[in-house]
Protein chains: 2
Amino acid sequence: MKNIKVIGLDADDTLWVNEPIFTVTHERFREIIGKYVGAENLDEKLYGYEIRNLKIFGYGIKGFILSMIETAIELSGGKISGAEVQQIINLGKVMLDHPVELLPGVEETLQLLQPDYTLMLLTKGDLFDQESKIARSGLAEYFDHVEILSEKDEATYQRVLKRNNIAVDEFLMVGNSLKSDILPICNLGARAIYIPFHTTWIHEVVTVDASANLAYHELPDISLLPAYLQQQSV
Amino acid sequence: MKNIKVIGLDADDTLWVNEPIFTVTHERFREIIGKYVGAENLDEKLYGYEIRNLKIFGYGIKGFILSMIETAIELSGGKISGAEVQQIINLGKVMLDHPVELLPGVEETLQLLQPDYTLMLLTKGDLFDQESKIARSGLAEYFDHVEILSEKDEATYQRVLKRNNIAVDEFLMVGNSLKSDILPICNLGARAIYIPFHTTWIHEVVTVDASANLAYHELPDISLLPAYLQQQSV
């Protein structure tokens, strides 16, 4: 791609596995409160608490733990026991302490990109949790900048570009969320590469109007990124 | 003070009231679990959970809510009810939504300093909560940079200075915590002004060895800062 100098990379489900950890936790949560409630509206209730609590707690696992507890209290009619609440908190602690599992080809790709581009890690969520994951990932050395953001929308990206003196036409964003990594970037007139992950949190799912003709490209695998950039820059 | 170009200011209990909100919450928490437990070892137990959970949750109100819940479960022998757990969560939500109450003289001081210094807000804690407080404080416009840090130690301050191209002898840090705002700065060879607040979280309390002869100055009130800086720079 011509003129690209800075590549921003999303982290969760772009560099390492994230959403499947939530999926496993959903299953364990279902087991804990299974005696109080049928499975039918559990996911819907939990998602309702998550969305309402986003405005108070922001993104991240600590807010998710609190949403699980509130869901359990409501769906059990207040009968959830102290021991079961502790089990829910422990599920969250296991998530926070989960080993960081890199996606295939990530480290090799960063090695190939590092000499030619300024690499920025741009991730959304809880500061403490994300810093811990970056440290545990072993990938920190590849990044010139790391920015942990409370939201990934046009205004936030604009501030990040401005703060780091990056021109819109020099910037490329790479990530697995159309909503957070791709659409706001396209709306700013910058370029983006969408690398889908097999599971997406429903909050991040958007329907893209095919007629919008947005200037992003889709790659099936991050390993294809260096070759794609080289081919496009010729 | 000579050569100072950049002033870093702490936020909680330096610019606005924070610790008293925790104190009020402690009292409400005591009321909620009062039927299960005597008052004697409640604070100690809660502090024990807070400290152990700092490594998993980091600083901030969401982690504090979870520590209150764990304390309540343990001290009630698991008898705490769902409704009471919900009350504890609601205490936390009230804290997160608490109006930001500026300390006396803060806004006038920032107005006086802004023309002559680059002002940085350097605060520790939860990204989402701190961003929300900064926005609600109405003070964002006075700051050239805002950095929300997961820890305030020498290594973190060093990274902040490096990232923003600030020389150690051009930097002054102002805050209410000897542990987080003053000692690491003095250890880096930069200057600091300590403005005590009447309440300090026990985790932030340190004993300063008088013989250490650290190069910080104490002011009783932030309003005295502009005059002090002017007088010292003559």
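This is a predicted model: local features need pLDDT of at least 70, side-chain atom pairs count only at pLDDT 80 or more; totals for chains, interfaces and linings use all residues.
Author: A salt bridge is a side-chain nitrogen of Lys or Arg within 4 Å of a carboxyl oxygen of Asp or Glu.

Reader: Which residue forms a salt bridge with A:D10, and how far apart are the closest N and O atoms?

Author: Side chains of opposite charge can pair when their charged atoms come close. Here A:D10 pairs with A:K152, and the closest N and O atoms of the two are 2.9 Å apart. A:D10 sits in the loop between β1 (6-9) and α1 of chain A, while A:K152 sits in the loop between β3 and α7 of chain A, so the pair ties together parts that are 142 residues apart in sequence.

Reader: How many salt bridges does a search of the whole structure find?

Author: Over all chains, the search finds 22 salt bridges. Between chain B and chain A the count is 4, and a pair that joins the two chains is B:K93 with A:E70, whose closest N and O atoms are 2.9 Å apart.

Reader: How should I read the interface between chain B and chain A, and what area is buried there?

Author: The size of an interface is often given as the accessible area lost when the parts come together. For chain B and chain A that area is about 2,600 Å², with carbon and sulfur atoms giving 66% of it. On the side of chain B, the residues that lose the most area to chain A are B:K62, B:L127 and B:F128, which together make up 23% of what that side buries. Counted by residues in contact, chain B contributes 31 and chain A contributes 30.

Reader: Into which domains is chain A divided?

Author: Chain A is divided into domain 1, made of 6-16 + 101-233, and domain 2, which covers 19-96. Taken over C-alpha atoms, the centres of domain 1 of chain A and domain 2 of chain A are separated by 29 Å. Their contact takes 16 residues from domain 1 of chain A and 12 residues from domain 2 of chain A.

Reader: What area do domain 1 of chain A and domain 2 of chain A bury between them?

Author: The two domains of chain A bury about 1,200 Å² between them, 57% of it on carbon and sulfur atoms. Of the area that domain 1 of chain A buries against domain 2 of chain A, 43% is supplied by A:D126, A:W201 and A:H203, more than by any other three residues. The rule finds 1 salt bridge across this interface of domain 1 and domain 2 of chain A. A:D126 also forms a salt bridge with A:K62, with the closest N and O atoms 3.2 Å apart.

Reader: Which residues are the closest to the centre of the second largest pocket?

Author: The second largest pocket holds about 810 Å³ of space. Of the 40 residues in its lining, A:N18, A:E19, A:F22, A:W201 and A:E204 are the closest to its centre. Domain 1 (6-16 + 101-233) and domain 2 (19-96) of chain A each give at least three residues to the lining of this second largest pocket.

Reader: How many cavities of 30 Å³ or more are there?

Author: The count comes to 4 cavities of 30 Å³ or more, and the largest cavity has a volume of about 510 Å³. Its lining has 33 residues, of which B:D12, B:N18, B:Y59, B:K124 and B:W201 are the closest to its centre. The lining of the largest cavity divides into 7 nonpolar, 14 polar and 12 charged residues, and at least three residues are drawn from each of domain 1 (6-16 + 100-233) and domain 2 (19-96) of chain B.

Definitions and conventions
Residues are numbered from 1 along each chain as its sequence is written. Chains are lettered from A and ligands numbered from 1 in the order in which they are written. Side-chain values use heavy atoms; hydrogens and water are left out. On a 1 Å grid over the protein atoms alone, a cavity is a set of points where a 1.4 Å probe fits but cannot get out, and a pocket is an open set with protein on both sides within 12 Å along at least five of seven lines; lining residues have an atom within 4 Å of a point. Grid points are joined across faces, edges and corners, and a volume is the space filled by probe spheres set on the points. Ala, Val, Leu, Ile, Met, Phe, Trp, Tyr, Cys and Pro count as nonpolar, Asp, Glu, Lys and Arg as charged, and the others, Gly among them, as polar. Domain bounds come from an automatic or database domain assignment. Contact means heavy atoms within 4.5 Å. Buried area is the accessible area (1.4 Å probe) that two parts lose on being put together, summed over both. Helices (H or I, at least four residues) and strands (E, at least two) are DSSP runs, numbered from the N terminus.
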